[in-house]
Amino acid sequence: GSYWNRRGISDETLKIFEGGLCEVGKMYQRYVFPIFDARKKIQGFSGRDVTGKSKIKWKHIGRKNEWAYPFIFNYEFIKEKKTSNSC
């Protein structure tokens with residue numbers, strides 16, 4: 001997590017996003033985290049180059065047109081607001 005820590009992101013925040021450094025495959029040397037839907041089903045993955053060597057900073061795997069990120073983190077808040085503000 002030191003890449004993100006140097007950018008002001010705490011270990012506690014990193015834990016919430018359930019990410020980690022990928023050491024093999026298509027996301028090699030990227031900090032990768034899963035993208036969940038509201039039911040906590042994985043929809044894909046996003047990975048950020050942490051080496052500074054890649055021209056492409058972010059790489060995404062999955063059907064991005066179905067992503068509603070960070071819906072998993074704010075779903076309950078949205079649901080609560082819609083019910084409390086109903087007309």
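Start by selecting Glu18, which you'll find in the loop between H2 and S1. Bear in mind that this is a predicted model. Check the backbone here: phi of Glu18 is near 55 degrees, a positive value in a residue other than glycine.

Now hop to the loop between S1 and S2 and pick Gln29. Gln29 isn't a glycine either, yet its phi is positive, at about 60 degrees. With a relative accessible area of 29%, Gln29 is partly exposed.

Next, switch to cartoon view for the sheet. The sheet is open and built from 4 strands in the order S1-S2-S3-S4, with antiparallel pairing. Which strands stand at the edges? Strand S1 (20–21) and strand S4 (58–62) do; each has a single partner strand, so one side of each is left without a neighbour in the sheet. Zoom in on S1 and S2, which run antiparallel and are joined by 2 bridges. Select Leu21 and look across to S2, where its bridge partner is Tyr31.

Searching the whole structure turns up 5 aromatic pairs. In one of them, the ring centres of Trp4 and Tyr31 are 5.8 Å apart and the planes sit at 75 degrees, so the pair is edge-to-face. Trp4 belongs to helix H1 (residues 2–5) and Tyr31 to strand S2 (residues 30–36), so the contact ties together parts that are 27 residues apart in sequence. Buried or exposed, for Trp4? Trp4 counts as buried, at 15% relative accessibility, and Tyr31 also counts as buried, at 10%.

Slide along to Phe17 and Phe33. Their ring centres are 6.3 Å apart with planes at 70 degrees, so this pair is edge-to-face. Phe17 sits in helix H2 (residues 11–17) and Phe33 in strand S2, so the pair ties together parts that are 16 residues apart in sequence. Colour by accessibility: Phe17 is partly exposed, with a relative accessible area of 26%, whereas Phe33 counts as buried at 11% relative accessibility.

The charged end of Arg7 sits over the Tyr3 ring, 3.7 Å from the ring centre.

Conventions
Residues numbered from 1 in each chain as written. Predicted model: local features only at pLDDT ≥ 70, side-chain atom pairs only at ≥ 80, totals over all residues. Heavy atoms only, no water. Phe/Tyr/Trp six-rings, centres within 6.5 Å; stacked < 30°, edge-to-face > 60°. Buried < 20%, exposed > 50% of the residue type's maximum accessible area, 1.4 Å probe, protein only. Lys NZ or Arg CZ within 6 Å of the ring centre and 35° of its normal. Pairing = 2+ DSSP bridges.
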